[in-house]
Amino acid sequence: MSFEHWSVRISDANGAICGAGAYIGRDLVLTCAHVVGGPVVTGARTPPDGPMFVEFLGTASPNPIMATVAEDGWWPPGSDRAGDACVLRLTFSAPADAEPAPLGVAWEPGHTARAYGYPRNRTLEAGVHASATVTGLTMRTGWIQLNDLSSAGEQIQPGFSGGGAYNEQTGQIFGIVVQAYPTQRMSWLLPVELIAERIPLVREALGRAPVPRPRTTETELDALGAGCELPPDLRDFTGRESETAALIEQIEEDGPGPSIHSIAGMGGLGKTRLAVHLTHRLAANYPDGQYLLDLRAHAAGSESEPLTTEEALLALLRATVGKPPSVDGTERWGRIWRDVLRRRRMAVVLDNVASYEQIEELLPTHPGSLVLITSRRRLDELGIEGAVPITLKEFDEGSSVGLFTTIVGERRFASDPQAARDIVRLCGHLPLAIRLQASLTRGKKRKYSLAEIRDEMRKEADRLRGLQVGNISIRAAFSTSYRHLNVREQEMFRRLSLHPPGTMSLPAASALVDDPTTAEDTLDVLITESLVEDEGGHRLKTHDLLREYARECLILDEPVRTKHQALAARLLDFYLASALAAQRTLLPARPVEDSPDLTHPRLPDVSDRKSALTWFQTERDNLLRCCDLAEEYGQLSYLWRIPRAMGHFLGLASETDVAIEWYRSGLAASRGLDERGAADMNALLGEAYRVAGQRFSALDAFRAAREFYERTNDRKSVGDMLIRISAVQHGLGDSDGAQASCERALAHFAALGDEFGQAEAEYTLAMSLRMHGDHDPALGHLDRANSLFESVNYPLGQARCLNLTGVIHRLKGDYDRAIPTLRRAEGLYKTAGDVRGLAHAINNRASALGLAGRLDEAVAIHGEALDLLHRTHSFAYPDALMVAADLHGKQGDHAAAERQLREALGYYKPAEALFGQARAHLLLSGALRGQGHPARGLVQARESLALYASLGNENGMAAARAVEAECLAALNDDPNGPGTGSSP
């Protein structure tokens, strides 16, 4: 009798060998209670909650598998010493070649029993065989006594506890060793019959015993393990509710043809578990049996080969009709198998399928039975058979946390829910990875806090190495897929790991291989093998853990560091080339002075504004992450070249905080290496500082950039800096300086014949004049700017002109012209993708609508402007607060208006935005007077008047004097006199 496939060794969490056991199928192991709980287990009603480790030493996968006491699987010895049995449930599936022990109840005195154990006084870890003769029952306990009368060989002794005793005469395991006295050459078994009466799991296993009684020949025993028994459903099956519901609905809607459904996806997603779960759910609909056949497409071990079609047919026929038919030929066996499917109502899971050709002869041609197919490969040919496919993705956060909690327990999860969420995220929401990490958390890491485990995963240089329990690991699951690829496919898979995390385009992936013409076909194979995900829209994604595995393969199979650097440079240069092309489309009058280092045969089409803007929006995250790639591989020039090419888009998207951080890094990297790059970074940084309201920092950055441009005689860039400096100056209240800078820039660009520069100067000059209250001259400059922008085909400039024109019409009280003009500006801003500009235009139109008495329309649109400006951290957010306050005041909610105006002042004062402060104090005066505080309102009106006077703004001064007079009049009407009211 061979013990190899069912006899196991059991150890504790510290690695100490505790005894033996017998595998009884369905991931269950029978052993002694004292093997698990120790000698103090006598009478213990509650089983120990610590894990044990089970080793199938005779199989191809001997590594330890964690196990815990199964529910209702505990029968400790009582005071009368009866009992002493335990059933362990494996945390992960038993090895593929493990087979259930042939349990039985038949025995007679004189029969020979054999056992396999691990004597504690021996150094042989593999264990030893022993045999003894059955004597009879021990009356009080129901144990079976054995006597060893032989003077040669090993005898049953301590270390054999829990091991199954094999009856030579019946071919059955009829008990487990519970006690031995070597000096007296006696031992005792707890019979399977008694255990089955107390433990239902053993009773069920006994009923499944496949060995015939009485045992006849060894040939019959060879058929053990050749069946296709459906494994039990997981007790902790979690998630996949939507996929299960979709599959059940599809199966119920199957038409008159065969019922074939497939589940595909990368390794570790739980395809087999889902198929088993679904089959158990539908078992009542298929009363003639439920089966699972592993076709071993991705079996562990380099020597493992998938089943042939012939082997698969033999296994299925043996499982369903008892023995293979006495005919030759796969085609003939296939017809017999399909006839079985037609005549019976069965559910069959064809698991781990290698190819369509492997299972073509296994598929039904008539209705009746259900065939579920699982494969890492996308088997498109199944569509011809009418199969309905479903592709699994990783879990969402809720299902991930649910699975983790089911394994570690509610109490452990509740100790640090955020750390638990971080752990499942670091597992990539991959079900197998979560199971592995949760098992480790419950097992050898049970004394660690969840935060400690999370932090260990974060800093772990080799995260995949940590995701392993016994012989089950994420790396092993991935490696079987990798081995199926040819040389070119493996190369593509490895090199994709260089791309930043997230989705990528086909051209970006093609940039990583030496022959881009074959890239698309190679990527199709990787998608088919579930090593790359097709995200739609010609975009791809590699799962985080697969990407880490691919990086390992890159280091092992292409170990030359300089090769990695060259590949990274190729990818970075691809993104630079694409960004430069898109930037030229969006801002043709000011293309970035740069060009890619390499020739790229396949670049995205960004020839029109919409496609260029869409490309930037789609690739935004990849472009930002390119900095990490550039630092990792020493390609430092891309730290400023890519941000420079992306600068115009970041301005449109109003990602000011991101831009400032990125430009600072680019500036630091370029210093001493590229003076032009440093100057351009300062120019971009100055604009980002201006938008953020950091005006003095903006001035410093602009002046630093201008100094370089003047030194190198870059006259266009010098003029651009003059305009930028002017915009900052008028924001600081230096109207004269701002106007002078604009006039210098206008003359400068006129001499150069640069229409774009002239348009910018005309527009900025109009802004300065508007601040002075010179509305008509400002409108003249805006008309000229708009014409010039139209001439150079720059609609964003036209949008800005229309926006400022609408503001001036509003200030002049011409709301019938202001409102439609501002609406036109909104349309152009949307087309250009300028988020901040759009918010400005909406804010200004809401203000005009409010002033025109169309209050409901104003309130309906203004919330969008307020939200956009707040989310983008725009310096114009306080401007929008003032419009909101004005609308609240018109609605009579002066308290809300006061809160928003004080919030606006909180932004204006640190930025020294004098014009904004003046306007806020003016409106605050009205809000206070509206609440019955004219004295406090008077203080605010005079503060506004002083600020307008310092700015030389006559219109503002006139408005402040009018409000001041209204406050004084209100005080004169107050019977309590001007002293009433508290100080502001």
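Predicted model: local features only at pLDDT ≥ 70, side-chain atom pairs only at ≥ 80, totals over all residues.
1. Helices α34 and α35. Helix α34 spans residues 855-871, and helix α35 spans residues 877-890. Their axes come within 10 Å. They cross at roughly 155 degrees. Angles over 145 degrees count as roughly antiparallel, so α34 is roughly antiparallel to α35. The crossing of α34 past α35 is left-handed.

2. The contact of α34 with α35. On the α34 side, the contact is made by Leu855, Ala858, Val859, His862, Leu866, Leu869 and His870. On the α35 side, Tyr877, Ala880, Leu881, Val883, Ala884, Leu887 and Lys890 take part. By residue class, this contact has 11 nonpolar, 2 polar and 1 charged.

3. Helices α38 and α39. Helix α39 covers residues 954-973, and helix α38 covers residues 934-951. The two pack with their axes 8 Å apart. The angle is about 160 degrees, and α38 and α39 are therefore roughly antiparallel to each other. Their crossing is left-handed.

4. The contact of α38 with α39. From α38, the contributors include Pro934, Leu938, Arg942, Leu945 and Tyr948. From α39, they include Met957, Arg961, Glu964, Cys967 and Leu971. The residues of this contact divide into 14 nonpolar, 3 polar and 3 charged.

5. Aromatic pairs. How many aromatic pairs does the structure hold? There are 19. Tyr181 and Trp188 form one of them, an edge-to-face pair. Their ring centres are 5.6 Å apart, with 90 degrees between the planes. Are the two partners buried or exposed? Tyr181 is partly exposed, at a relative accessible area of 33%. Trp188 is buried, at 11%. Burial here means under 20%, so Trp188 falls in that class at 11%.

6. A pair across two helices. Phe915 and Tyr948 also form an edge-to-face pair. The distance is 6.0 Å centre to centre, and the planes are 80 degrees apart. This pair links distant parts of the chain. Phe915 sits in helix α37 (residues 914-930), Tyr948 in α38, and they are 33 residues apart. Phe915 counts as partly exposed at 24% relative accessibility. Tyr948 counts as buried at 4%. Tyr948 also belongs to the contact of α38 with α39.

7. An aromatic cluster. Which residues form one aromatic cluster? Phe3, Trp6, Tyr116, Tyr118 and Tyr166 do.

Conventions:
Residues numbered from 1 in each chain as written. Heavy atoms only, no water. Axes fitted to C-alpha atoms, helices over the stretch in contact; angles between N-to-C directions. Helix = DSSP H or I, 4+ residues; strand = E, 2+ residues; numbered from the N terminus. Parallel < 35°, antiparallel > 145°, perpendicular 65-115°, else oblique. Left-handed = near helix turned anticlockwise from the far one by under 90°. Contact = heavy atoms within 4.5 Å. Nonpolar A, V, L, I, M, F, W, Y, C, P; charged D, E, K, R; others polar. Phe/Tyr/Trp six-rings, centres within 6.5 Å; stacked < 30°, edge-to-face > 60°. Buried < 20%, exposed > 50% of the residue type's maximum accessible area, 1.4 Å probe, protein only.
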